[in-house]
Amino acid sequence: MNLEVIRGIARKAMETRISHSGREPGYIFAHGKRTANLAGEIVSRMTGREEIIDEILYTGALFHDVGKGLPRHNEAGAVLVKQLLADVCDVGQLESISDIVRFHCLRKHD
């Protein structure tokens, strides 16, 4: 996976969209970058290895809110991310990334 290409696709898809009234254009992309970097930091701390980048997790975190502003944003985003990344990810990668987007807002209820 080429993360530079993927970040470019994310930027193009999200940098001008407005997810909520009062949010500035580009918020979704900036939020996705922060979330992806945080996910990477968690993996690094858990493994003790800074050089590890889980590309699937990073990409899923980057795109997790790509459907924000649409009804059922997680479901819409799961479909949208497959379309956006179809030319740069293989089928298995797309499924995993789509699952991260689809399930990112689920909460465990006891």
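User: How many disulfides does the chain have by the distance rule?

Analyst: A disulfide is a covalent bond between the sulfur atoms of two cysteines. The rule applied here asks for a pair of cysteine sulfur atoms within 2.5 Å, and by this rule the chain has zero disulfides. The model is a predicted one, in which local features need pLDDT of at least 70, side-chain atom pairs count only at pLDDT 80 or more, and totals for chains, interfaces and linings use all residues. Residues are numbered from 1 along each chain as its sequence is written, and side-chain values use heavy atoms, with hydrogens and water left out.

User: Is Cys89 buried or exposed, and what is the state of Cys105?

Analyst: Burial is read from relative accessible area: buried is under 20%, exposed is over 50%, and partly exposed lies in between (1.4 Å probe, protein chains only). Cys89 has 9% relative accessibility and therefore counts as buried. Cys105, with a relative accessible area of 28%, is partly exposed. For the chain, 33% of the 110 residues count as buried.

User: What is the secondary structure of the chain?

Analyst: Helices (H or I, at least four residues) and strands (E, at least two) are DSSP runs, numbered from the N terminus. Here they come to five helices and zero strands, in the order α-α-α-α-α along the sequence.

User: How does one read the sides of a helix, and which residues of α2 are buried?

Analyst: An α-helix has 3.6 residues a turn, so residues three or four places apart point the same way. In α2, the buried residues are Ile28, Phe29, Gly32, Ala36, Ala39, Val43 and Ser44. They lie on the same side of α2, because they cover an arc of only 150° around the axis; the arc is that of the directions from the helix axis to the C-beta atoms. Leu38 and Arg45 are exposed on the other side of α2. The cover over the buried residues of α2 includes α1 and α3. One of the buried residues, Val43, has 17% relative accessibility, and its C-alpha atom is separated by 7.8 Å from that of Ile53, ten residues apart along the chain.

User: What span does α2 reach, and what is expected of it?

Analyst: The expected span of a helix is 1.5 Å times one less than its number of residues. With 21 residues, α2 reaches 30 Å from its first C-alpha to its last, close to the 30 Å expected. Just after α2, Gly48 takes a positive phi of about 75°.

User: Which residues of α5 are buried?

Analyst: In α5 they are Gln93, Leu94, Ile97, Ser98, Val101 and Arg102. An arc of only 165° around the axis holds them, which puts them on the same side of α5. These buried residues pack against α3 and α4.

User: How should I read a nonpolar core, and which residues have the most contacts inside the largest one?

Analyst: A nonpolar core is a set of buried Ala, Val, Leu, Ile, Met, Phe, Trp, Tyr and Cys residues joined through side-chain atoms within 4.5 Å. The largest has 19 residues, and Ile6, Met14, Leu62, Phe63 and Leu85 have the most contacts inside it. Two or more residues of this core come from each of α1 (3–14), α2 (27–47), α3 (55–63) and α5 (91–103). Contact means heavy atoms within 4.5 Å. Leaving aside neighbours within four places in sequence, Phe63 is in contact with Ile6, Ile9, Ala10, Met14, Val81, Leu84, Leu85 and Val101.

User: What surrounds His73, and where is Arg72 placed?

Analyst: His73 is found in α4 (residues 73–84) and, at 15% relative accessibility, counts as buried. Beyond its neighbours within four places in sequence, His73 is in contact with His64, Asp65, Gly67, Lys68 and His104. Arg72 belongs to the loop between α3 and α4 and is exposed, with a relative accessible area of 63%. Although Arg72 is not a glycine, its phi is positive, at about 50°.
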